Amino acid sequence: MKSPRKLLAGVVAGVVVIAGAGWAVGSRLRSPADEAARRAAPRASLVTAAVERRKLVSTVVVSGTLEYGSPLPVSLAGAVGGTSEQQRATRAPRQGRLAEGAVFLEVNGRPVFALRGSVPMHRTIAPGSKGDDVKQLQRALRRLGYGGPVSGVFDQATIAAVTRMYTKKGYEAQQPTLTDRQAYDTLRKAVQTAQETLAAEKKALDQGRDVLPLKMRLANAKADLKAAERALREAEARLVTPEDETRMAAAEAAVRAAQEKLAEAEQALAEARRPPPTPAATATPQPTASTDTSLLELRVQNAQADLAAALEARERAAEEARQAREKSLVELRKAVRTAKEAKATAEQALRQARQLSPTRLKVSNAGKDVAAAKGMLAEFARTYGTSIPPGEVVFLPKLPARVRKVSVKQGQQVEKEVATVTSSAFTVTGAVEATEAELLRTGMEAAIELDTGKTYKARLTAVGEQAKVPGAEEAKDGSEPVLITPASMKGLKPGTAVTARVTVGATKEAVLVVPVAAVITGADGRARVRVEYATDRTRDVEVRTGLTADGNVQVAGALKEGDRVVVSGA
């Protein structure tokens with residue numbers, strides 16, 4: 001017989017089992033309304049995003065390949081060496097680094113130097129050459145340590161520096177060729193021959209009888225002019241003539257004699273008028289007879305008259321001497337003018353006679369021949385000497401550079417391009433849409449990203465036409481080429497595919513940002529966002545937008561970090 005406890009446990013278990021079975025059956029049995037409600041689409045809910053506070057950076061993405069930048073096709077400006085024979089490469093350019101002053105290649109055994117400069121080589125730089133190309137050559141010589149001035153003139157000091165450059169590289173600077181030396185000697189002899197002919201014709205002209213009397217007249221006229229000029233100079237140097245000087249001396253002597261006679265007469269009169277000495281007091285005074293001085297007074301008057309006449313005679317002699325000197329100078333000046341006229345007349349007569357003379361015509365023609373021969377010699381000598389043929393220097397904008405492609409092989413004829421050089425720095429070339437290109441400015445910061453995820457600092461160096469690379473494919477319609485230069489080449493390899501990001505804008509500090517899709521522009525032109533303040537309940541908040549980047553936009557308004565803004569939904 002079972003105990004009451006066990007019986008109760010069994011009853012409870014049975015009730016539980018029956019209840020579970022009923023619940024299971026009831027859960028599977030639904031009314032048609034319940035089934036329809038279960039199968040209907042759920043009620044649409046809002047899609048929101050949180051308002052964030054962070055720095056916003058806007059970039060333009062460029063896909064490209066790392067290559068050495070600024071490729072430049074190089075061709076020679078002319079012949080190498082002083083010959084017109086066929087130009088053939090005797091040593092081809094070598095790929096790799098190209099330093100300033102290095103021999104780029106050899107043509108017909110002659111060097112082609114690589115020098116830095118923006119003015120292309122375009123002519124033979126010969127003695128006396130002037131210009132900007134000469135000045136940049138001189139600067140290159142100084143940078144390389146060969147010295148010389150920077151005057152823009154290819155002078156002897158510059159020639160010496162060029163000679164040192166060639167010698168150091170094992171070559172000889174270009175000297176005049178045999179043809180040039182022969183031409184120079186021919187021109188020199190032509191000048192000598194013309195001078196000898198001119199001298200002979202002049203001698204024949206001078207010895208000609210047709211002009212001998214005129215030459216004698218001219219010689220006499222010159223002698224007369226010299227004599228007249230000498231007489232005038234002597235007369236101007238003298239105050240009086242010898243004759244006038246004699247007359248003036250006689251007048252001066254007469255004045256002195258008259259002065260002496262007047263003094264004697266005055267002294268005699270004074271003595272006659274002097275009273276006799278007074279006798280002693282003890283003596284008895286004696287009466288004296290009065291002295292008659294009328295004769296002495298008359299003598300004084302006559303002496304005074306003689307002195308006045310002598311003075312007047314002296315003044316008259318001086319005036320006559322002055323007038324005579326002026327008259328003599330006038331006559332001598334007239335004689336000089338007459339002599340000059342006679343000389344000019346004689347010269348004109350001789351000149352006209354010589355011009356009309358056949359011998360004079362020969363002299364004139366011989367003089368023209370001398371001038372022409374000297375001119376030709378001077379023109380040739382201007383470029384005669386050590387020179388630099390146009391093909392022996394290649395000026396490149398930047399050095400050192402790299403030879404990327406060689407277009408001529410040893411033994412081949414040099415006609416067009418010989419090589420392509422690049423800069424020694426990497427660049428990334430690519431293209432962006434025209435709308436994005438409008439955002440780009442030269443100098444903007446950029447970052448280069450490798451497939452490994454490693455990034456390198458860089459900078460945008462060119463946009464549009466300036467970014468075009470010679471020989472590269474043209475950018476597609478609606479896009480613009482760009483050029484980006486890394487800040488350092490360390491860790492980079494040419495030919496690597498990279499992604500570059502150019503920073504076109506960034507906020508200075510953390511700002512509120514929302515997805516671009518959250519911003520709605522109303523009919524009034526104002527921007528708003530819908531902020532969810534409760535489940536599926538929103539309110540419009542007016543905002544001011546700023547920088548846009550990576551699908552987000554900077555906003556300012558009655559928002560705070562963490563607010564939920566509606567991106568999409570009913």
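A salt bridge is counted here where a side-chain nitrogen of Lys or Arg lies within 4 Å of a carboxyl oxygen of Asp or Glu. The model is predicted, so that local features need pLDDT of at least 70 and side-chain atom pairs count only at pLDDT 80 or more, while totals for chains, interfaces and linings use all residues. Residues are numbered from 1 along each chain as its sequence is written, and side-chain values use heavy atoms, with hydrogens and water left out.

**View 1. The pair Asp185 and Arg188 in helix H5.** The closest N and O atoms of this salt bridge are 2.4 Å apart, and the two residues stand three apart in H5 (residues 178-206), about one turn of the helix. Helices (H or I, at least four residues) are DSSP runs, as are strands (E, at least two), and both are numbered from the N terminus. Asp185 counts as partly exposed because its relative accessibility is 27%, where buried means under 20% relative accessible area, exposed over 50% and partly exposed in between (1.4 Å probe, protein chains only).

**View 2. The salt bridge between Arg322 and Glu319.** Their side chains meet at 2.3 Å, N to O, and both residues lie in helix H8 (residues 294-356), three residues apart. Arg322 is partly exposed, with a relative accessible area of 43%, and Glu319 is partly exposed as well, at 33%.

**View 3. The salt bridge between Asp563 and Lys560.** Here the closest N and O atoms are 3.0 Å apart. Asp563 counts as buried because its relative accessibility is 10%, whereas Lys560, at 53%, counts as exposed.
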